[in-house]
Amino acid sequence: MTFATARRYAFLALAALFLGAANPATARSDLTLAMVLEPPHLDPTAGAAGAIDEIVYANIFEGLTRIGANGEAQPALAKNWDISPDRKTYTFHLHQGVKFHDGAAFDANDVKFSLDRARAPDSTNAQKGLFEAIDQVEVIDPATVKVTLKHPSGDFLYSLGWGDAVIVGRTSAATNKEKPIGTGPFKFQNWAKGSQVALARSSDYWGAKPALDKATFRFIPDPAAASAALLAGDIQAFPSFPAPESVPQFQADPRFKVEIGTTEGETILSENNARPPFDNPKVREAIAHAIDRKAVIDGAMFGFGTQIGSFFPPHHPAYVDLTGERKYDPELAKKLLAEAGYLDGFKTTLKLPPPVYARRGGEIIAAQLRSVGIEAQIILVEWAQWLEQVFKSRDYDLTIISHTEPNDLNIFARDDYYFNYRNPAFKTLIAEISATPDGEKRNALYGEAQKTLSAGAPVAFLMQFPKIGIWDAKLEGLWKNYPIPANDLTAVKWAE
Amino acid sequence: MLSPSILSHLLTRLATSLLTLVFASLVVFSTLEILPGDPARLMLGLGASEDAIAALRGQMGLNQPIILRYLTWAGHMLTGDFGRSYTYAVPVRDLIAERLAVSLPLALMALTLSMAIAIPVGLFAAARRGRAPDSAIMGVTQLGVAIPNFWFALLLVYVFAVTLRLVPAGGFPGWSAGIFPAFKSLLLPAIALALPQAAILARVTRSALIETLSQDYIRTARAKGLTQTAILRRHALPNAMIPVLTILGLQFSFLLAGTVIIENVFYLPGLGRLIFQAITQRDLIVVEGVIMVLVAAVLLVNLIVDLAYAFVDPRLDIPR
Amino acid sequence: MNRSLIIGLTITLLVAGMALLSYAWTPYDATAIDIAAKLQGPSAAHWFGTDHFGRDILSMIMVGSRNSIAVALVAVGIGAGIGIPLGLVAATRGGWLDEMLMRFNDLVFAFPALITAIMITAIFGPGAINAIIAIGIFNIPVFARVTRGAALSILSREFILAAKAIGKSSGGITIDHVLPNIASLLIVQATIQFALGILAEAGLSYLGLGAPPPNPSWGRMLFEAQTMIGIAPHMALFPGLAIVITVLGLNLLGDGLRDVLDPRN
């Protein structure tokens, strides 16, 4: 090596050093985010666990439509559609050149396959109700699908946007639980059971390329470990942070952004309306007045969560604030109990499933009920027992649960639902809503329905469950709200 | 060499162990049959329709008669096939193997740590029997025995993870993340498990040593002019190994299965948490598989301890 | 006088006294929720501070001792009540009965105790009764083994042979001669199992398998403290100390009793 060349190399090295310093490496393109629960498997069409959708929705799998950050139905694999005047026939025009991650081409046959599979008699789809309106699905040509409904449905496009309605490949559907194959911008890499699922950007995605090239979902069920992992930088985002007690610490730390958003989780104290004394409306009203929602939210959720007066999310345009209708008023509660013939109160039971909000909230509510004379004995149950005893066999008096599905006001119109609530007027309202397309009229009907529930007090309405999102201050594009279970990463990027 | 009487004893033990295993499989299977809660309903959740649940039950083979299911399960297990997890939809054997990759190293670390502390401490105390250091050590071990390991774990988390931030508060990065990070995340759990065990082991070591020290051949050794330390190390310790081994065997079995609570404190994906989750999710086939593996492990450890007795002290009358 | 015995007895009596006192008096109502007063550190008003619901931790520990003691005591009762007769029968009858009982013991020992306890509560739902059953079951083989071993050594003594020679029935011998001679050993064992029972109950409660709220339990207090360890470490400190002190007292008592009652000393 001559002196000159040596000097040239030295110069280049120096230049590289300076350039490197002046021109910081391009923005980061990987993300590790955490979830509380590990999904049982990764097929969103074969399980109810929200954790499945929190990984795969919009990232791995796509439907004909998709739900956006604010809960609105948007085009996805269907670029647009025509609706017949009687609103019973939907003709979907599909994107072309779309491929599944295993290389198989996507076309109308996959749509027919997916929808028929989901609504088949032997289907194990957890939300078969979404497809209840479908009469038949026809392939017109590879890029066009016609869906005929039995009756008009105002929710149809929205229903198709659920994780349970995503389009799966004909050859890969059977193995999606372990190796999910979709059409989305990210493809599945691997799953270390008990620890994490890794995704990588798909090189032949049909739509706009996401900024991230690698995303890892880590499972951290322990609230204490959740805080520690964020502080240590092991994870850069916890979209649904489980420990409200630790939030102030992050709010005070400039390295983090804390976003308190909403979910579709109406959290309620359910009452068995078929069982005395809860068959007496006065008793149910008394319970509604005996509960101090603010104390429940402060005590169980450290102040995070929004009070609700009916079964409807406050962020919805059709929301009516009814929290003033059933105010915390122990004296009134006692009076109502006396009128119902329970001058000295009564004894009952309160079955609590495992989540912290239920266990903590239950203790507070039991204490509040005690002070108006209702002795509610707390019975702790596991999920399996809750589903079996409370939900299926309806063997319960009181229970606390968050109903997390979007647009689920209609559960109070179901005769066979575990509330055992029967209100013909409410049923009529729900039927009307279902047949009314989105708009002013539908919203007015929603308002009616909310008022009917507040007045009938079938259950005690507590709070809208919050979504506590904590992530690195430089991270952009994660959803603030939780309109459906999802961690949509398509728009997530690191600020320069 | 093993004498014929020991050999026949070991064969009897082996036979009874197998019988215990068969009996255990019956107990486990029938216990789980009466467990309330439908796995299919649990998997499909709140919105599921009754026919979807029925369809899933059919797919899971839950509609077959119980005898048939037991025989299928037990038969497959003989060939090493533990069935497929209801919830994870992967072979139970793989799940168990994955979790053992956490639980086994953790148990071994805890056991090694416990021995490394307990045996020297026991020796030290025995050599100074009745004097101040002995009383002090015995006091400390009394405290160690009384501390619930999960509370000790909480204190460790508070000091080393929350306050000093030296180690993670919980979770397990996986061995793929490198030996050191994985080792680091097992360190606090291993300490939390080891110290209470070490306290017990130190007490047992001490009293076993004291017991052997009073025996004739030790007096002979002493008469021959051997020093106290030499006597302890060369003569007393090997002979005190029997009770120590017994306790070690018990502790290893406990560590393998009984780490549920510690795994919960540290959120480690170990065998204990697998079975805890499987019970709450009614993933019965996993529960059955893990319990059988654990029972087999306990029986195996007992056999090994038995065998070790024979090697440690060939003159030994077989304890019943 | 034996030092372990004195310290152990003092602690045990203090804990028992605290449990009895809690029926008559606690600083605050142990179940009274006052959200505004939550997570306060130790102070003159609340010696051990307050928990996440603003409850007084000292009062909760006092009331919680009743639960720990009751569960452990009944579990030991079950273990002794079934295990001792089994051990005695095995020792006096011998033969296949002995063999069968001992194999049954092995079976129970081979099952992972905690996991069996979790299954029992999964079948019947969590609660103090199930914790008692779960802990009690694993006490049976312990008592059976100890009883059998001790009884066998007594049965080979000369005075038993003498009693047999004068025609005393084996049942009579067991009750008149064997039982009194092994009683001290069994009392020591019961003390140890009692201490273990307190630890086991705390573990089950910690996993959410013990007595349900609102009645406080030491194990559940520790569970609730876990997520708050960064902001309210006192919530974890005091219930843990209560467990340690109680178990320590019982273990010292057991040791002291062994030294005093052991005929070799």
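Contact here means heavy atoms within 4.5 Å. The model is predicted, so local features need pLDDT of at least 70 and side-chain atom pairs count only at pLDDT 80 or more, while totals for chains, interfaces and linings use all residues. Residues are numbered from 1 along each chain as its sequence is written, chains are lettered from A in the order in which they are written, and side-chain values use heavy atoms, leaving out hydrogens and water.

Leaving aside neighbours within four places in sequence, Phe266(B) is in contact with residues including Ala153(B), Val157(B), Leu188(B) and Pro189(B). Phe266(B) also belongs to the largest nonpolar core, which has 192 residues. Such a core is a set of buried Ala, Val, Leu, Ile, Met, Phe, Trp, Tyr and Cys residues joined through side-chain atoms within 4.5 Å, where buried means under 20% relative accessible area with a 1.4 Å probe and protein chains only. Among the members that touch the most others are Leu31(A), Ile291(B) and Val178(C), along with Phe266(B). A second, separate core holds 69 residues, including Ala300(A) and Ile35(C).

Turning to chain C, the unreviewed UniProt entry places "domain: ABC transmembrane type-1" at residues 65-254; such annotations may be inferred rather than shown by experiment. Over residues 65-254 of chain C, the chain is 84% helix and 0% strand, where helices are DSSP runs (H or I) of at least four residues and strands are runs (E) of at least two. The end C-alpha atoms of this stretch are 20 Å apart.

Key: Buried means under 20% relative accessible area, exposed over 50%, partly exposed in between (1.4 Å probe, protein chains only).
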